[in-house]
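Reader: I am new to this structure and would like to learn how to read it. Could we go through it together?

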There are 2 protein chains.
Amino acid sequence: MSSSRTPPTIYDVAEKAGVSIATVSRMLNSPDKVGPKTRDRILAAIDQLGFVPKAEARARALSRTGRIGVITPFFTAPSFVQRLRGIASALGKASREMVIYPVESYSQLGSYFGSIPLTGNLDGLVVVSLPVSDIAARRLNSFNIPTVLIEYSHPTLNCVEIDDFEGGHMAAEYLIRKGHKRIAFLANPDIPEYAVATLTRRFTGFHQALIEAGIELPESYVRYASSDQEQIYQATADLLSQAQPPTAIFAALDFHAANVLKAARRLNVCVPDQLAIVGFDDLDIAEYADLTTIRQHLDESGRLAVEILLAHIADPGRPVQHVKLPLTLVERLTA
Amino acid sequence: MSSSRTPPTIYDVAEKAGVSIATVSRMLNSPDKVGPKTRDRILAAIDQLGFVPKAEARARALSRTGRIGVITPFFTAPSFVQRLRGIASALGKASREMVIYPVESYSQLGSYFGSIPLTGNLDGLVVVSLPVSDIAARRLNSFNIPTVLIEYSHPTLNCVEIDDFEGGHMAAEYLIRKGHKRIAFLANPDIPEYAVATLTRRFTGFHQALIEAGIELPESYVRYASSDQEQIYQATADLLSQAQPPTAIFAALDFHAANVLKAARRLNVCVPDQLAIVGFDDLDIAEYADLTTIRQHLDESGRLAVEILLAHIADPGRPVQHVKLPLTLVERLTA
DNA sequence: CACTTCTATGGAAGCGTTTCCATAAATAAA
DNA sequence: TTTATTTATGGAAACGCTTCCATAGAAGTG
């Protein structure tokens, strides 16, 4: 029966083994520097006591924590989760702990950047899909906190970027190649202030492709609807009830695309014959709905970010790295 | 321009303010015990230096960390995410950090229980939807790690349980009340070894309700299909191609329910007229698919777990608590 | 005004490790 | 054998903070 006392310390082990704490510590960190007999005795003591070195104490003495902070929007959206998954997996392999700092508001984000990096005693920081101000970046740099940004770019910090422009471009190109000339755009208007201008870039890329192909984009073809079934239905209905309705819709978010599809069904519009739909992100809902979409390698982005981060922790001198992750078009049934 | 030196310590502040470190510390932890003039001077010094107390050092001296560990299956499934969300939110409000330990395999789970509680120096632990062995429970208890289990029960640990039996029962009752007499059951067979026997309980409750209503459950009405669109389609098709096909299907997982719905469409079976479908969990996909389902208060479960945990951290003497969270039936379009 | 009670402060001991330095013992080289 | 190396070990400082204890001075009491 293990005692219900406080956990044993290195002193207990040392005493039990009849050596000094220094030797125990050495045994723990570089076993080959300890005599075999002593080693065995210490090992035995450790086992008997069920000793486990305390991370905090270790961290203080070592001045590194084995802990990586992850600042992320409140993770309800699957796309964040996917990224986190990638991060978690990579971190686990490197046997680092992951501390999550969910962000719910812009001011909270600010205060995080103010305090976390120092107070949290983290070895490094991953920031997911969140804008980083110059001030924050300067703080991070001046306190030497290795940092990697995902889906946002800052010149003085490492970044894993998504080529949203290219993604929008791809979507449009694909639709154009399929013969569409009347292509609409749908996205979320209420980008929370603290998030990233991703959608705008997707739109720009999309628009650019149309221009290159000499295709008009009437203002009435650009719609915004919040993440709400009914609103998206309304937007779709509006779009389709025009005199010259679009034959394709590029929804800059899978959630929207899925609901456009649903709306189309409700309106008895046949997909993809009468209406093609392309989404963005390749969430699980996209698979469920058989959505043609632009796939982001979400978990890959997380994994990559961690890799870069660890490299920079190991070698702080390393120059800032900016990586752009490629996108793929996943062809399913809606376009 | 902030210096790029190492972060200032309490000593720097003390020196700059011309006081002892004790006073600075006191000022930080109980400002009212420090004279107003001194306070101002210290405050000024802190501001100038941009001093932030280091968490590790603090933790060691305080022997608490402000950090809560969360052991959870690798969070890809939305239901886990929802729970985490609840946990994160509650933790944030209590200004505790959340350290995530994703579990990918059974052996990993074991080793976590072996090491995390001690090495991680956590104030407490939340275990999400994972079985805890007696050995692990004993460890946790003997090392005095306050712990709360979600969706699993152990006599010596705090638990937030889900009444899966009741959920299955509700689903069946609802269907029976709607006049169905031929009701099938569909679930996932490949419960990963490290997860919880949730589905079995859902089935038992379901079955019990049928028995109470004097309704037969032919063996051919009980199907298992892995989380794969095609398999679920196959299972559904099999189910419906029987001589006496069921008029309703209770899928113990929303994912399955959603895909049954999809299969029904493909098979030209009208839902809910020819086939009623009830799911379980109320994931976002359930809303998208307009699924009638049994709702778990997933984020509530997380929030509650944290509450219990914090209470037990504050007062370790408190007796073990077992809470059962209620379920609700959400009536949508599929049944 | 002498004496007690607070209050603000500093000194110093811990918290549990790591690690540098010194020393004693063991081994190798001469 | 004597001296030079190497190896195993212990002592002790350091990491940055909290907190107990002691003290000096301020405030309050009769």
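Reader: Welcome me in with one residue: where is B:Pro272 found?

Author: B:Pro272 is found in the loop between helix 11 (254-266) and strand 9 (276-281) of chain B; helices (H or I, at least four residues) and strands (E, at least two) are DSSP runs, numbered from the N terminus. Before we go on, this is a predicted model, where local features need pLDDT of at least 70, side-chain atom pairs count only at pLDDT 80 or more, and totals for chains, interfaces and linings use all residues. Residues are numbered from 1 along each chain as its sequence is written, chains are lettered from A and ligands numbered from 1 in the order in which they are written, and side-chain values use heavy atoms, with hydrogens and water left out.

Reader: What kind of peptide bond joins B:Val271 and B:Pro272?

Author: That bond is cis, with omega about 5°. In chain A, a cis peptide bond joins A:Val271 and A:Pro272, again with omega about 5°, and A:Pro272 lies in the loop between helix 11 and strand 9 of chain A.

Reader: Which value of phi does B:Asp281 have?

Author: Its phi is near 120°, a positive value in a residue other than glycine. You can find B:Asp281 in strand 9 of chain B.

Reader: How many residues does each chain bring to the contact?

Author: Contact means heavy atoms within 4.5 Å. Chain A gives 52 residues and chain B gives 52 residues. Buried area is the accessible area (1.4 Å probe) that two parts lose on being put together, summed over both; here the two chains bury about 4400 Å², with 58% of it on carbon and sulfur atoms.

Reader: How many salt bridges are there between chain A and chain B?

Author: A salt bridge is a side-chain nitrogen of Lys or Arg within 4 Å of a carboxyl oxygen of Asp or Glu. The count between chain A and chain B is two, and one salt bridge brings together the side chains of A:Asp290 and B:Lys262 (3.1 Å, N to O). Among the elements that give two or more residues to the side of chain A that touches chain B are helix 5 (78-93), strand 2 (97-103) and helix 11 (254-266) of chain A.

Reader: In which sense do strand 2 of chain A and strand 2 of chain B pair?

Author: Two strands pair if DSSP finds at least two bridges between them. These strands pair in the antiparallel sense over three bridges. Look for A:Ile100, whose bridge partner in strand 2 of chain B is B:Met98.
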